[in-house]
Amino acid sequence: MRFQIITLLFSIILFFGCHSKSPQFAEIDTELTADSNSNFSKANSFLELGMNDSSFVYFDLASDDFIQAGDSLHAAICLIQMAITLSEEADYYAAQETSLEADKLLDTANKAHLDLLSFNYNSLGNAISGYGDNEAAIFYYDLAVKYAVNKDHAQTYKNNKAVTLFEAKRFKEAFLIHKENLKSADRKDKNYARCLSNYANTRWRIDEAYNPLPDLHTALKIRESESDDLGVNSTLSHLFEYHDGRNLDSAKIYASKSFDLANKIQFSTDQINAAEKLIRVNSDSSKYYFEIYKHLSDSVRTARLKAKNQYALIRYEAEKNKIDNLKLQKDVLDRDLRISKERIIMVAVIGFVLSALTFFILWAQRRKQRITMEAENKVKEIQLTTSKKVHDVVANGIYRVMTELEHKDEFDKSEILDKLEVMYEKSRDISYESSKEMCEESFATDVSTLIRSFANENIHMFIVGNDPHLWHNLSKNAKNDLLIILQEILVNMRKHSQANEVIFRFEQRDNYLHILYQDNGVGLTNPKKMGNGIRNTGNRMERLKGKFNFASEKGKGVKIEMNLPLPQN
């Protein structure tokens with residue numbers, strides 16, 4: 001289903017307070033369907049039923065729909081129709097504001113917008129002339145003519161400009177436009193009658209020799225044959241204006257006919273104008289007509305004020321709803337944005353934790369593999385060295401003894417035993433060296449095993465620098481005492497610290513073995529009040545001629561530093 005917006009163009013014919021309207025209808029064809037914009041469909045339906053207030057509301061909603069859809073042309077159509085409705089209710093300032101809002105949506109460089117542009121400028125001129133700013137109205141009528149695509153529309157806009165020039169008492173300029181329009185008008189339609197009536201009404205004001213009555217009666221006859229009641233009333237007003245001051249009886253006749261016709265068609269503005277005419281020419285009954293004039297004027301004024309308030313309230317509610325909707329949309333967007341940020345942060349944190357955990361696991365696995373490989377390589381190296389020494393010392397010695405036995409018929413038993421004893425001593429020395437090297441490797445493992453035995457899912461142990469070469473010069477007794485010291489520290493940690501991270505660092509500084517213990521537990525309020533375990537640890541370090549420093553602060557864990565002297569080579 002296709003819709004057409006049928007819009008009323010005002011041809012304002014003003015003179016001496018006598019205001020008559022010749023309605024001209026223009027059609028703006030659109031390609032919209034009922035399904036594409038339901039608000040537009042409802043607005044058009046209410047407009048055809050003459051329910052202007054309802055159509056105004058839905059045109060306002062439809063314009064918002066079109067703007068959101070990026071359709072500026074049809075949004076402008078809605079706003080222009082709203083402006084025309086406001087002009088009909090004599091709310092000229094609001095009509096002007098709405099037309100200017102529509103103008104912002106139209107592009108003079110777009111040919112598809114030109115006809116609508118000219119239509120809107122004409123509507124804007126009508127609104128501005130409605131509150132009496134004739135010069136500004138003329139400016140917009142000129143723009144309407146400039147962008148007009150349709151010849152008939154351009155003639156209507158020129159006529160409206162001429163009417164406004166007439167109101168501004170610029171009769172010569174108005175006459176030239178009416179004269180041009182009359183030449184181009186078709187003699188067979190009511191548009192010719194309008195042009196002829198306006199032409200005659202203007203010419204007699206600048207040409208004293210001209211008699212307008214034949215042309216005015218011709219225009220009146222055409223309009224009567226066309227049943228153009230508003231047009232007839234306009235020409236009757238022109239006839240009254242000419243006879244007023246010249247022929248009082250004729251003026252009374254045309255004023256009376258105008259009043260009767262205005263009452264028939266119930267057009268309030270023409271009723272007021274006709275009543276004013278009768279007041280001017282009927283002195284004996286002027287009081288009667290004045291009461292009618294006052295009553296009509298008050299009624300029109302009240303109706304227009306009511307309409308202004310009504311449409312102002314409609315616009316207020318529409319704007320309030322827009323603001324409420326925008327606020328609601330903003331709140332929803334803010335909430336969605338906040339949720340999105342929280343989700344992004346959560347994903348980032350989880351990703352970071354997983355990445356760190358993966359990195360730590362891989363690092364631990366690689367470190368374990370490296371330490372294992374180094375230990376295996378060390379064992380292989382020791383085995384290879386031992387094997388070589390066995391081969392070089394023992395095997396070669398035995399071979400030498402075997403050779404002597406093989407090539408001597410007689411041999412000294414004690415000499416042979418002495419040589420075998422020497423090889424025994426040498427093999428024992430080789431075994432001792434190997435066990436010594438293995439013992440260094442084993443002690444580093446013992447330290448790691450001891451420390452890691454106190455780890456669980458809640459307590460993480462970190463060991464740094466536990467390399468086998470650190471223990472090379474340490475005596476067996478010192479190693480045993482050191483294992484007991486480490487065990488005592490770990491037992492105290494498990495009982496009292498509530499720590500979940502423990503660090504042991506081993507390193508050689510000058511001629512000292514430096515051992516650092518640190519945890520992130522609850523610490524001690526008074527580090528001086530230490531238990532037996534800590535005191536025993538200190539005593540053992542004194543026996544080893546080492547140094548022992550204990551530091552703790554409530555809520556910041558425990559830190560222990562031990563420095564053990566290494567024997568000089």
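Let's start with Arg 170, which is partly exposed because its relative accessible area is 26%. The scale here calls a residue buried under 20% relative accessible area, exposed over 50% and partly exposed in between, with a 1.4 Å probe and protein chains only. This is a predicted model, where local features need pLDDT of at least 70 and side-chain atom pairs count only at pLDDT 80 or more, while totals for chains, interfaces and linings use all residues. Residues are numbered from 1 along each chain as its sequence is written, and side-chain values use heavy atoms, with hydrogens and water left out.

So what does Arg 170 meet in a salt bridge? Its partner is the side chain of Glu 135, at 2.8 Å from N to O. A salt bridge here is a side-chain nitrogen of Lys or Arg within 4 Å of a carboxyl oxygen of Asp or Glu. Glu 135 lies in helix α6 (residues 134–147) and Arg 170 in the loop between α7 (151–167) and α8, so the pair ties together parts that are 35 residues apart in sequence. Helices (H or I, at least four residues) and strands (E, at least two) are DSSP runs, numbered from the N terminus. Glu 135 is partly exposed too, with a relative accessible area of 48%.

By that salt-bridge rule, the count comes to ten. Another of them joins Asp 228 and Arg 223, at 4.0 Å from N to O. Here Asp 228 is buried at 15% relative accessible area, and Arg 223 counts as buried at 1%. Then there's Lys 556 with Glu 553, at 3.9 Å from N to O. Lys 556 counts as exposed at 62% relative accessibility, while Glu 553 counts as partly exposed at 44%. Back where we began, salt bridges that share partners join Glu 135, Arg 170 and Glu 173 into one network.

On to the rings. The structure holds 17 aromatic pairs. Rings of Phe, Tyr and Trp (its six-membered ring) pair if their centres lie within 6.5 Å; planes under 30 degrees apart count as stacked, over 60 as edge-to-face and the rest as tilted. Take Phe 175 and Tyr 199: their ring centres are 5.2 Å apart and their planes are at 35°, so this pair is tilted. Phe 175 lies in helix α8 (residues 171–184) and Tyr 199 in helix α9 (residues 190–203), so the pair ties together parts that are 24 residues apart in sequence. Phe 175 is buried at 11% relative accessible area, and Tyr 199 is buried at 11% as well.

Now look at Trp 471 and Phe 506. Their ring centres sit 5.8 Å apart with planes at 70°, so the pair is edge-to-face. Trp 471 is in the loop between β3 (460–464) and α16 (476–497), Phe 506 is in strand β4 (residues 501–509), and the pair links these distant parts of the chain, 35 residues apart. Both Trp 471 and Phe 506 are buried. Ring pairs also link Phe 443, Trp 471, Phe 504, Phe 506 and Tyr 517 into a cluster.

Elsewhere, the charged end of Arg 246 sits over the ring of Tyr 242, 4.3 Å from its centre.

What about the strands? β3 and β4 pair in the parallel sense over five bridges; strands pair if DSSP finds at least two bridges between them. His 460 stands opposite Glu 501 in β4.

Finally, two residues have a backbone worth a look. Asp 510 has a positive phi of about 55° although it is not a glycine; its place is in the loop between β4 and β5 (512–519), and at 72% relative accessibility it counts as exposed. Lys 545, not a glycine either, has a positive phi of about 60°. Its place is in the loop between α17 (532–543) and β6 (547–552), and Lys 545 counts as exposed at 70% relative accessibility.

Definitions and conventions: A charge sits over a ring if NZ of Lys or CZ of Arg is within 6 Å of the ring centre and within 35 degrees of the ring normal.
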